[in-house]
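Subject: Handover of a predicted model

Dear colleague,

Please find the structure below. I would be grateful if you could read the notes that follow alongside it.

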Amino acid sequence: MMTNADKAVVNKVMVNIKTTPSPQLRETFAKALTNNPLATSALALGQLSETPSTAFFFAYQLAVRHLDTTLTDQQFAAFAASEPGIRDSREFQTRVVSNASSTGESFLVTGRKSHVMLMDHGLLDFLYVLANDADQQLKCVKVSTSAVGVMAQPAAKPQPFVADVPHAPVVFDDALAVTDFIVADAHRRCFKPFRYWEDVMIMLAFSGWMMTHANGDCSALQIQAQHLSDCYQQHPDYYPLMAFDILDNLLHHLQQAGKQLPSGQQALWSRDSQLLQLGSVARTATRKKLQSL
């Protein structure tokens, strides 16, 4: 029996983040989202991806939808959080300043973020920027990538994985934020849960990619992916404890299925699946914290 994700890829053209024109990428993404839950879309978009990098990009776009439900289906965005050498969001040096005028209140963003995907490729429409205000309270603000004062900088070195989705530093110099979007308590509402949303969407999109490209039977992988999808539907906001075993089991089945890939795809998978290993390390730390509560 075909799943909704299977049906979404029948007679569809595969896309590649490196070679497919932007309008086609946007159309493919929008069609997969139409009338589908995010988890179903993640599987479908993974199946439509020629490369793991493409599946990662689509998964990330689905994660971003948790930050802002007003994004249209054809808009692409990125979460601008990381800063050089800083791990605690309370210490972020990027600032957001209120600028009141006769026309109303606006917000200006100044600072530097170290890792923003595809910023220098002209594919993104908006950035969701974490910045501290004058009272050292973390906010999430929305900034157009075309706003004056938003500048991409060259990356210091190439990425070791998902190389077709390069991340680069971005500088904000009194960049005007979108006036109708500002999220207070952004550590709890944005920074902390984003890892979960990203984790789930990437694992599902990579599962979809693997189902399309691996030789042999992927039914066990499909079952595990459905378990994760069901878990996410029940717990869309943050990791429930049961999610950790589900994610670990899915990762195991992905690695097993990866042994059935053709040689060319196996090389790509060997490189890009390093991303999942990093995610596994982060999950272990999160799991220990939750178990100690």
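Residues are numbered from 1 along each chain as its sequence is written, and side-chain values use heavy atoms, with hydrogens and water left out.

The largest pocket

The largest pocket holds about 1,800 Å³ of space. A pocket here is an open set of points on a 1 Å grid over the protein atoms alone, where a 1.4 Å probe fits, with protein on both sides within 12 Å along at least five of seven lines; lining residues have an atom within 4 Å of a point. The volume is the space filled by probe spheres set on the points, which are joined across faces, edges and corners.

Its lining comprises 47 residues, and those nearest the centre are Ser82, Phe191, Arg195, Glu198 and Ala282. At least two lining residues come from each of α4 (52–64), β1 (77–80), β3 (104–117), β7 (167–176), α5 (186–213) and α9 (274–291). Helices (H or I, at least four residues) and strands (E, at least two) are DSSP runs, numbered from the N terminus. Helix α9 gives the most to the lining, with 10 residues. By class, the lining has 30 nonpolar, eight polar and nine charged residues. In this scheme Ala, Val, Leu, Ile, Met, Phe, Trp, Tyr, Cys and Pro count as nonpolar, Asp, Glu, Lys and Arg as charged, and the others, Gly among them, as polar.

The nonpolar core

The largest nonpolar core has 96 residues, and Phe79, Leu127, Tyr128 and Val143 have the most contacts inside it. Helix α5 gives the most to this core, with 15 residues. Such a core is a set of buried Ala, Val, Leu, Ile, Met, Phe, Trp, Tyr and Cys residues joined through side-chain atoms within 4.5 Å. Buried means under 20% relative accessible area, exposed over 50%, and partly exposed in between (1.4 Å probe, protein chains only).

Tyrosine 128 lies in strand β4 and is buried, with a relative accessible area of 0%. Not counting residues up to four places away in sequence, tyrosine 128 has contacts (heavy atoms within 4.5 Å) that include Asp68, Phe79, Lys142 and Phe181.

Helix α3 (residues 38–47) is mostly covered, as 10 of its 10 residues are buried.

Salt bridges

How many salt bridges are there by the rule used here? The count comes to 14, a salt bridge being a side-chain nitrogen of Lys or Arg within 4 Å of a carboxyl oxygen of Asp or Glu.

One of them joins lysine 142 and aspartate 68 (2.9 Å, N to O). Lysine 142 is in strand β5 (residues 138–144) and aspartate 68 in the loop between α4 and β1, so this pair ties together parts that are 74 residues apart in sequence. Lysine 142 is buried at 7% relative accessibility, and aspartate 68 is buried at 3%.

Lysine 113 and glutamate 83 also meet in a salt bridge (2.9 Å, N to O). Lysine 113 is in strand β3 and glutamate 83 in the loop between β1 and β2 (95–101), so the pair ties together parts 30 residues apart in sequence. Both lysine 113 and glutamate 83 are buried.

In a further salt bridge, between aspartate 245 and arginine 287, the closest N and O atoms are 2.7 Å apart. This pair links distant parts of the chain, with aspartate 245 in helix α7 (residues 241–258) and arginine 287 in helix α9, 42 residues apart. Aspartate 245 is partly exposed, at 42% relative accessibility. Salt bridges that share partners join Arg195, Glu198, Asp199, Asp245, Asp248, Arg283 and Arg287 into one network.

Individual residues

Glutamine 136, although not a glycine, has a positive phi of about 60 degrees. Glutamine 136 sits in the loop between β4 (126–132) and β5 and is partly exposed, with a relative accessible area of 35%. Aspartate 185, also not a glycine, has a positive phi of about 50 degrees. Aspartate 185 lies in the loop between β8 (182–183) and α5 and is partly exposed at 38% relative accessibility.

With kind regards

Conventions:
Predicted model: local features only at pLDDT ≥ 70, side-chain atom pairs only at ≥ 80, totals over all residues.
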